[in-house]
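Colleague: Please take me through one part of this model closely. I would like a single connected account.

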Amino acid sequence: MTTRLADIAAQAGVSEATVSRVLNGKPGVAATTRQSVLAALDVLGYERPVRLRQRSEGLVGLITPELENPIFPALAQVIGQALTRQGYTPVLATQTPGGSTEDELTEMLVDRGVAGIIFVSGLHADTSADMQRYEQLRAQGVPFVLVDGFSPKVQAPFISPDDRAAMTLAVTHLVSLGHTRIGLALGPKRFVPVQRKIEGFVRSMQDQLGLGADTVESELVQHSLYTLEGGQAAATALMDRDCTAVVCASDMMALGAIRAARQRGLDVPKDISVVGFDDSPLIAFTDPPLTTVRKPVPAMGQAAVRTLLEEIGGTPAPHSEFVFMPELVVRGSTASAPGERVRP
């Protein structure tokens, strides 16, 4: 207990006696000091005493795709922490293959009386999906915010990374290293983020290498799945077309691309460069450390919560899209283009 008091006091910048007064609910402590001590408890991972816990302002649902891709747990953590700080209780609902659908999870959350819902990479990002489901949700009076994937058919606030700018960052980096044969590996074309990445990639290849749009799309863009195996398959196809660099639409796909290169006896980055997208947790520690375009997860997650709470509070945001700028993180998976590509 003494050790815990000392830790909390050091974190909060107060005396152990003050920490003891706060934990025991004693009077005579300024409100700002009390908040500093409670914040120190949270930061250090200690549970607040029951009598000091805030009454929940309500439940907020968070619907995500599968959690195998580490970018989704990372985003869920940011959103969950931001909700908790505002006194709300996050309820994570995850889609799994063969499990509950987005509609079923939405119905479950509505039945439990959630104050609002945040959708991450949901059906709103799929141009082939029926957007009427979101209008029905709005008609039920449930506020919601949509992350990753814009639709003009849905009257709601959207939170997105700038996918076009992300591709410009990646292509500019690779062109500066001397690459002229650059491939793009990404998911199915029906998804809005995929379409935007293609637009950014094609435009950058036109502007920087003078290639025709049709040539780029037909020869240098490969659709697959957002998985390690999907990245491996797409990279294999692009290497067959003499690409010396591959830009991937997720870090998981990029790891698959590295595996594909190694299966051919190629060295990354000596023989082929690979760029990911997301900057998922631990991706800096792969072999080689992955060059990637960092998705602004903290800013996006906090904006999603802030926007939803405004909706809940009765001051809804207009039908608009808040777009966040990604950042290129250069590590060890990219290097100068090989002088002459030797195909295995």
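**Helix α8 and the spaces it lines**

Modeller: Start with the cavity: α8 gives the most to the lining of the largest cavity, with 3 residues. This is a predicted model, where local features need pLDDT of at least 70, side-chain atom pairs count only at pLDDT 80 or more, and totals for chains, interfaces and linings use all residues. Residues are numbered from 1 along each chain as its sequence is written, and side-chain values use heavy atoms, with hydrogens and water left out.

Some terms come next. Helices (H or I, at least four residues) and strands (E, at least two) are DSSP runs, numbered from the N terminus. In a cavity a 1.4 Å probe fits but cannot get out. A pocket is an open set of points with protein on both sides within 12 Å along at least five of seven lines. Lining residues have an atom within 4 Å of a point. Points are joined across faces, edges and corners, and a volume is the space filled by probe spheres set on them.

The whole structure has 1 cavity of 30 Å³ or more. The largest cavity holds about 30 Å³ of space. Its lining is made of Asp148, Gly149, Ser160, Pro161, Asp163, Val192, Pro193 and Arg196. Two or more of these residues come from each of β5 (158-161) and α8 (192-209). By class, 3 are nonpolar, 2 polar and 3 charged. Here Ala, Val, Leu, Ile, Met, Phe, Trp, Tyr, Cys and Pro count as nonpolar, Asp, Glu, Lys and Arg as charged, and the others, Gly among them, as polar.

Now the domains. An automatic or database domain assignment sets the bounds: domain 1 (5-52), domain 2 (58-161 + 296-324) and domain 3 (163-295). Domains 2 and 3 both give residues to the lining of the largest cavity, so this cavity lies between them. The C-alpha centres of domain 1 and domain 3 are 49 Å apart.

Next, the helix itself. α8 has 18 residues, and at 1.5 Å a residue it should span 26 Å. The expected span is 1.5 Å times one less than the number of residues. The end C-alpha atoms of α8 lie 25 Å apart, which agrees. Buried means under 20% relative accessible area, exposed over 50%, and partly exposed in between (1.4 Å probe, protein chains only). The buried residues of α8 include Val192, Pro193 and Arg196, and these three also line the largest cavity. Also buried in α8 are, among others, Ile198, Phe201 and Met205. Just after α8, glycine 210 takes a positive phi of about 70°.

α8 also lines the largest pocket. That pocket has a volume of about 1000 Å³. It is lined by 35 residues, and Pro65, Glu66, Phe72, Ser121 and Tyr226 are the closest to its centre. Elements giving two or more residues to this lining are α4 (71-85), α8, α10 (228-240) and β9 (273-278). Again α8 gives the most, with 3 residues. The lining divides into 17 nonpolar, 7 polar and 11 charged residues. Domain 2 and domain 3 both contribute to it, so the largest pocket lies between them.
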